[in-house]
Amino acid sequence: MKKLRIGLIGTGFMARAHSNAYKRIGDFFPELEYRPVLQAVCSRSPEKVKAFAKQWEYMAHETNWQAMVNREDIDAIDICAPNDTHAEIAIAAANAGKMVLCEKPLARTVAEAMPMVEAVENNGVKNTVWYNYRRVPAVTLAKQVIDSGKLGQIFHYRANFLQDWTINPNLPQGGEALWRLDVKAAGSGVTGDLLAHCIDTAMWLNGGIVDVSAVTETFIKERIHQETGKMEPVGIDDACIFHCHFENGSLGLFEATRYARGQKALKTFEINGEHASIRWDLHDQNRLGYFDHGDDSVVRGWRNIHVSDSDQPYIDHWWIPGVCIGYEHTFVHHAADFLKSLETGEPCSPTFQEAMETQKVCEAVLESAKTRSWQDTNVSWI
Ligand SMILES: NC(=O)c1ccc[n+]([C@@H]2O[C@H](COP(=O)([O-])OP(=O)(O)OC[C@H]3O[C@@H](n4cnc5c(N)ncnc54)[C@H](O)[C@@H]3O)[C@@H](O)[C@H]2O)c1
């Protein structure tokens, strides 16, 4: 059994999701040659990192990411810290010869992402970005159905990611808990945080996005910054809507917001083709909606496929047919695919290069909204 010694950076939401994934793999993907080892975890607070290491059974802990990156006993750095840290850590890790698994979005801007791609490629280190929704079994099945040609020509791609957690005008911005509202730390608002996921899934399923036309809105213009204690302008987009052309000639319509009262994480997509349509919804993530115009007309209608059988993607690694799996399994699948890629020598998609293409679309969206004009994305999607 070969070991992949993980150096995890961060102790928050994603650090827990990834740690859980590493711990589950050996039991549920026993065929893999590599096993993750929880070697060390890093976060700035000595108390928090120590407690996290104890709870999740990491062998060591650090309070300085540079020290972590330079540790001899680490094979792969996993970045689960806010967006403004990704570039510096990833480049240093790649230059130290470490593999890099980075949370999304790859960076705050295309300019920041570019040297990250160069660093992993020049150093020849394995890399991936955690756009985990690709690995929901129903979404992977959607990809298989589309690739089989069952939908025929695609006309429409429609996606949403809706939340409601920033409506309160008294919510501050910045600091440990609310870095997503601080443009310096996050880079953007819903575009980089939520739409980046929708764009990655969309290009994976339906090919490259050629150009975009967007509107964004910042509903609350000023919030107290937790680090300065002062009222400061809000620099992020609270909501974003864009439409676009895909390379295959289909039209796309995307919406993300943190102001959809009642919606907590409604991530959806619907694809309409010549012969069939597909739809999916994170709130009911084990189901794939499928409409086939070729069905006998008297029984034709939307099928509600429960993706839980052993011949459907990833399911044979879990329970008996018909039993659900959840959000955390998407990270187990991604980590397992990363370990598999070490065996095969194939890239683990999405790589930094692919995540860079998503970054280009995000940037074109923000630029379009700012200039009130159509923007080419210059994406080259494989
Ligand atoms: N794939 C997904 O679905 C998904 C979901 C949520 C977040 N994310 C991404 O994951 C990343 C982390 O988000 P989160 O929700 O886990 O955030 P979080 O606020 O829960 O955790 C961030 C962690 O990073 C640590 N940190 C901050 N600066 C640091 C530094 N300089 N050195 C070391 N540690 C540092 C913090 O102490 C904290 O433990 C972000 O890039 C975010 O966009 C991805």
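## The ligand shell

In this predicted model, the shell around the ligand is made up of 10 nonpolar, 7 polar and 4 charged residues. The ligand is surrounded by 21 residues, of which Gly10, Gly12, Phe13, Met14 and Glu103 are the closest.

Two helices, H1 and H4, each supply at least two residues of this shell. The greatest contribution to the shell comes from H1, with 3 residues.

The domain assignment divides the protein chain into domain 1, residues 2-132, and domain 2, residues 133-376. A distance of 23 Å separates the C-alpha centres of domain 1 and domain 2. Domain 1 brings 36 residues to the contact, and domain 2 brings 38 residues.

On the side of domain 1 that touches domain 2, at least two residues come from each of helix H1 (13-28), S2, helix H4 (83-95), helix H5 (110-122) and S6. H1 provides the largest share of that side, 8 residues. By residue class, the side of domain 1 that touches domain 2 holds 23 nonpolar, 7 polar and 6 charged residues.

## The six-stranded sheet

An open sheet is built from 6 strands in the order S3-S2-S1-S4-S5-S6, and the pairing is parallel. Strand S3 (60-62) and strand S6 (127-129) each have a single partner strand, so one side of each has no neighbour in the sheet. From one strand to the next, the twist averages 25 degrees.

Helix H9 (residues 327-344) lies across strand S1 (2-9), strand S2 (34-42), S5 and S6, and runs at about 115 degrees to S2.

## The nine-stranded sheet

A second open sheet contains 9 strands with mixed pairing, in the order S16-S15-S14-S13-S7-S12-S11-S8-S17. Its edges are strand S16 (302-306) and strand S17 (375-376); each has a single partner strand, so one side of each is left without a neighbour in the sheet.

Inside this order, strand S7 (residues 154-162) pairs with strand S12 (residues 251-257) in the parallel sense, over 7 bridges. Leu162 has Thr257 of S12 as its bridge partner. Helix H8 (residues 190-206) packs on the sheet and touches S7, strand S8 (209-217), strand S11 (239-246), S12 and strand S13 (266-273). The direction of H8 makes about 155 degrees with that of S7. Helix H6 (residues 137-147) lies across strand S14 (276-281) and strand S15 (287-292), and runs at about 165 degrees to S14.

## Packing of H5 and H10

H5 packs with helix H10 (residues 352-371) at an angle of about 170 degrees, and their axes are 10 Å apart. The two helices H5 and H10 are therefore roughly antiparallel to each other, since angles over 145 degrees count as such.

From H5, the contact uses Val110, Ala113, Met116, Val117 and Val120, while H10 contributes Phe352, Gln353, Met356, Gln359, Lys360 and Glu363. The residues of this contact of H5 with H10 comprise 7 nonpolar, 2 polar and 2 charged.

## Backbone exceptions in the loops

Most residues other than glycine have a negative phi, and most peptide bonds are trans.

A cis peptide bond links Lys104 to Pro105, with omega about -15 degrees. Pro105 belongs to the loop between S5 and H5. A cis bond also runs from Ser349 to Pro350, where omega is near -5 degrees; Pro350 lies in the loop between H9 and H10. Glu57, a residue other than glycine, has a positive phi near 70 degrees. Glu57 is placed in the loop between helix H2 (46-56) and S3.

Note on methods:
Residues numbered from 1 in each chain as written. Predicted model: local features only at pLDDT ≥ 70, side-chain atom pairs only at ≥ 80, totals over all residues. Pairing = 2+ DSSP bridges. Helix = DSSP H or I, 4+ residues; strand = E, 2+ residues; numbered from the N terminus. Axes fitted to C-alpha atoms, helices over the stretch in contact; angles between N-to-C directions. Contact = placed C-beta atoms within 7 Å. Domains from an automatic or database assignment. Nonpolar A, V, L, I, M, F, W, Y, C, P; charged D, E, K, R; others polar. Near = placed C-beta within 6 Å. Parallel < 35°, antiparallel > 145°, perpendicular 65-115°, else oblique.
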